[in-house]
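The sequence and structure come first, and the description follows.

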Amino acid sequence: MSTPPTSTFAPRLLHSASNFRDLGGHVGLDGRRVRLRRVYRSDHLAGLTPEDRATLQGLGVTHRIDFRGVAESATLPSEVEGLTTLALSIEPTVVHRVQQLLAAQQVPTEAETVALMCQTYRGFAREGAPVYARFFRHLLDQPTPLVFHCTAGKDRTGFAAALLLSALGVSRDDIVQDYLLTNHLYVRSPLVEARGPAHVMDVLWSVQPAFLDAAFTTIEQEFGGLPRYLESAMGLNAKALERLRASLLEA
């Protein structure tokens, strides 16, 4: 696997949460950079060491947005002392679908697994829209440093990051680069049970441009494009967008 450009490779901030990283630093609207130390994305935070808990506190993070499903959160509690939690649950439908197929002795091919992932991302854009709208409302109402995450920090979290960076005017190429960093950073956690054929698991525990493309194509074809989607589905009218950009983009 090739190493991404140095300018886009996120330094490891936490050793016990492999996909934790600052979403800041990207060039956004009018050449203004996304502010550092304001918004972080991550995989689950259930296994944080005392040292990493101290690091998180030192970063000034006060809120945790959890995109995991109800059972996921109960199985792997990620409460961190000092962090207020907002549960924005999106159930992991692709995992359940794969499990059903395997139970029926129908092993999906790699291409079929990719298709299932693309279907999941289309669902993020459609059925998941009310949840992601609440994510944006929280960003507007609570401007202090926060972290958002799911289990691996790659799909539900990856789409949230892509939407946020899009709203801030970051280029699609840079958004995809940030998204693909998961393939270099994420280490499968022993705390997360996932069994299946290697070719299926390799797709489920990685990210591909096709996944994100499926979501943005849905936005273009079914919602009339990103600006309309941000306004109609995310509740970001011109005034709200201005507030979001004033908060998260450098002057």
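Tyr-179 counts as buried, because its relative accessibility is 1% and buried means under 20% relative accessible area, with exposed over 50% and partly exposed in between (1.4 Å probe, protein chains only). The model is predicted, so local features need pLDDT of at least 70 and side-chain atom pairs count only at pLDDT 80 or more, while totals for chains, interfaces and linings use all residues. Residues are numbered from 1 along each chain as its sequence is written, and side-chain values use heavy atoms, with hydrogens and water left out.

Tyr-179 belongs to helix α7, residues 172-180; helices (H or I, at least four residues) and strands (E, at least two) are DSSP runs numbered from the N terminus. Contact here means heavy atoms within 4.5 Å. From Tyr-179 to Ala-152 the C-alpha to C-alpha distance is 12 Å, and the two are 27 residues apart in sequence.

Ser-166 is in helix α6, residues 156-167. Its relative accessible area is 10%, so Ser-166 is buried. Leaving aside neighbours within four places in sequence, Ser-166 is in contact with Ile-175, Phe-216 and Leu-226.

### Helix pairs

Two packed helices are described by the angle between their axes and the distance between the axes. Axes are lines fitted to C-alpha atoms, for helices over the stretch in contact, and angles run from 0 to 180 degrees between N-to-C directions. A crossing is left-handed if the near helix is turned anticlockwise from the far one by less than a right angle, and right-handed if clockwise.

| Pair | Axes come within | Crossing angle |
|---|---|---|
| α5 and α12 | 9 Å | roughly 60 degrees |
| α5 and α6 | 11 Å | roughly 55 degrees |
| α6 and α10 | 11 Å | roughly 50 degrees |

Helix α5 covers residues 129-141 and helix α12 residues 238-248. The angle makes α5 oblique to α12, since angles under 35 degrees count as roughly parallel, over 145 as roughly antiparallel, 65 to 115 as roughly perpendicular and the rest as oblique. The crossing of α5 with α12 is left-handed. Phe-136, Leu-139, Leu-140 and Asp-141 of α5 make the contact with Ala-240, Arg-243 and Leu-244 of α12. These residues comprise five nonpolar, no polar and two charged, where Ala, Val, Leu, Ile, Met, Phe, Trp, Tyr, Cys and Pro count as nonpolar, Asp, Glu, Lys and Arg as charged, and the others, Gly among them, as polar.

The crossing of α5 with α6 is right-handed. On the α5 side the contact involves Tyr-132, Phe-135, Phe-136 and Leu-139, and on the α6 side Arg-156, Phe-159, Ala-160, Leu-163, Leu-164 and Ala-167. Nine of these residues are nonpolar, none is polar and one is charged.

Helix α10 spans residues 209-223, and α6 and α10 are oblique to each other. Their crossing is right-handed. Phe-159, Ala-162, Leu-163 and Ser-166 in α6 meet Leu-212, Ala-215, Phe-216 and Ile-219 in α10. The contact of α6 with α10 has seven nonpolar residues, one polar and no charged.

### The chain

The chain has twelve helices and five strands. Its radius of gyration is 17 Å, close to the 18 Å that the globule rule gives for 251 residues, so the chain is as compact as a globular protein of that length; the radius is taken over C-alpha atoms, and the rule is 2.2 Å times the number of residues to the power 0.38. Of the 251 residues, 51% count as buried.
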